[in-house]
Amino acid sequence: MMNGSQQDRSITTRFFEFVAREAPKFVSFGLVGVVNALVNYVITVGLTLGVLIPFGLGASDGALGIIKAIGWAVAVSNSYVLNTLTTFAAESGRRLAWPTYGRFVASGTLGLVVEVLSFLVAVRYLPLTLAAIVPIGFAFVTNFAMTRLVVFPGSKSPDDTIQR
């Protein structure tokens with residue numbers, strides 16, 4: 001039987017092994033996220049400048065919301081494709097599937113909710129320039145965790161989990 005010190009060392013060792021194993025996926029997921037942030041931005045700004053403003057809808061909250069939703073939907077769809085083919089290729093078999101896409105969008109929606117709520121809190125305590133950045137980190141961690149645990153869980157072996 002292990003004493004407390006040996007057991008703690010075992011938990012610590014397992015934790016660092018887990019982090020080391022997941023680090024490449026975390027970085028890849030982040031790079032895909034950067035690409036899709038740009039996709040979202042280009043679509044949102046492009047449609048606003050190219051469609052809303054010429055039709056006099058540049059100040060319409062409803063129209064801006066629809067354009068923002070389109071940008072997010074295209075970006076999250078592109079993120080699903082890129083993450084399926086790269087970051088989680090082993091778990092997905094590089095196969096695109098509607099049920100997996102549905103789970104990916106649902107988990108991305110949770111990330112969006114975390115981002116909006118953390119922004120609403122952060123903006124009360126931080127300058128806008130910082131308050132706009134902080135939620136990105138919370139949403140990124142939420143999105144990665146949900147994608148890794150729910151969308152592409154992979155195989156479950158005793159070494160994949162951290163146990164007490």
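A residue is called buried here when its relative accessible area is under 20%, and partly exposed when that value lies between this cut-off and 50%. In this predicted model, Tyr80 has a relative accessibility of 3% and therefore counts as buried, whereas Tyr101, at 23%, counts as partly exposed.

A pair of aromatic rings is described by the distance of the centres and the angle of the planes. The structure holds eleven aromatic pairs, and one can begin with Phe29 and Phe88, whose rings are 6.3 Å apart centre to centre with 65° between the planes, an edge-to-face arrangement. Because Phe29 lies in helix α1 and Phe88 in the loop between α2 and α3 (89–92), this pair ties together parts that are 59 residues apart in sequence; both Phe29 and Phe88 are buried. The rings of Tyr80 and Tyr101 have their centres 5.4 Å apart and their planes at 70°, so this pair is edge-to-face too. Since Tyr80 belongs to helix α2 and Tyr101 to helix α4, the tyrosine pair ties together parts that are 21 residues apart in sequence.

Phe29 and Phe88 are also members of one aromatic cluster, which they form with Phe26, Phe140, Phe144 and Phe152. Leaving aside residues up to four places away in sequence, Phe144 touches Glu22, Lys25, Phe26, Phe29 and Phe88. Phe144 and Phe26 are 118 residues apart in sequence, yet their C-alpha atoms are 7.1 Å apart in space.

Helix α4, which carries Tyr101, can be checked for its length. At 1.5 Å a residue, its 28 residues should span 40 Å, and the end C-alpha atoms are 41 Å apart, which agrees. Several residues of α4 are buried, among them Thr100, Phe104, Gly108 and Gly111, and what covers the buried residues of this helix includes α2, α5 (128–131) and α6.

The helices also meet around open space. The largest pocket has a volume of about 770 Å³ and is lined by 25 residues, of which Gly33, Ala37, Asn40, Glu115 and Asn143 lie nearest its centre. At least two lining residues come from each of α1 (4–52), α2 (61–87), α4 (98–125) and α6 (134–151), with α1 giving the most, eight residues. By class, the lining consists of 14 nonpolar, nine polar and two charged residues.

Notes: Residues are numbered from 1 along each chain as its sequence is written. This is a predicted model: local features need pLDDT of at least 70, side-chain atom pairs count only at pLDDT 80 or more; totals for chains, interfaces and linings use all residues. Side-chain values use heavy atoms; hydrogens and water are left out. On a 1 Å grid over the protein atoms alone, a cavity is a set of points where a 1.4 Å probe fits but cannot get out, and a pocket is an open set with protein on both sides within 12 Å along at least five of seven lines; lining residues have an atom within 4 Å of a point. Grid points are joined across faces, edges and corners, and a volume is the space filled by probe spheres set on the points. Helices (H or I, at least four residues) and strands (E, at least two) are DSSP runs, numbered from the N terminus. Ala, Val, Leu, Ile, Met, Phe, Trp, Tyr, Cys and Pro count as nonpolar, Asp, Glu, Lys and Arg as charged, and the others, Gly among them, as polar. The expected span of a helix is 1.5 Å times one less than its number of residues. Buried means under 20% relative accessible area, exposed over 50%, partly exposed in between (1.4 Å probe, protein chains only). Contact means heavy atoms within 4.5 Å. Rings of Phe, Tyr and Trp (its six-membered ring) pair if their centres lie within 6.5 Å; planes under 30 degrees apart count as stacked, over 60 as edge-to-face and the rest as tilted.
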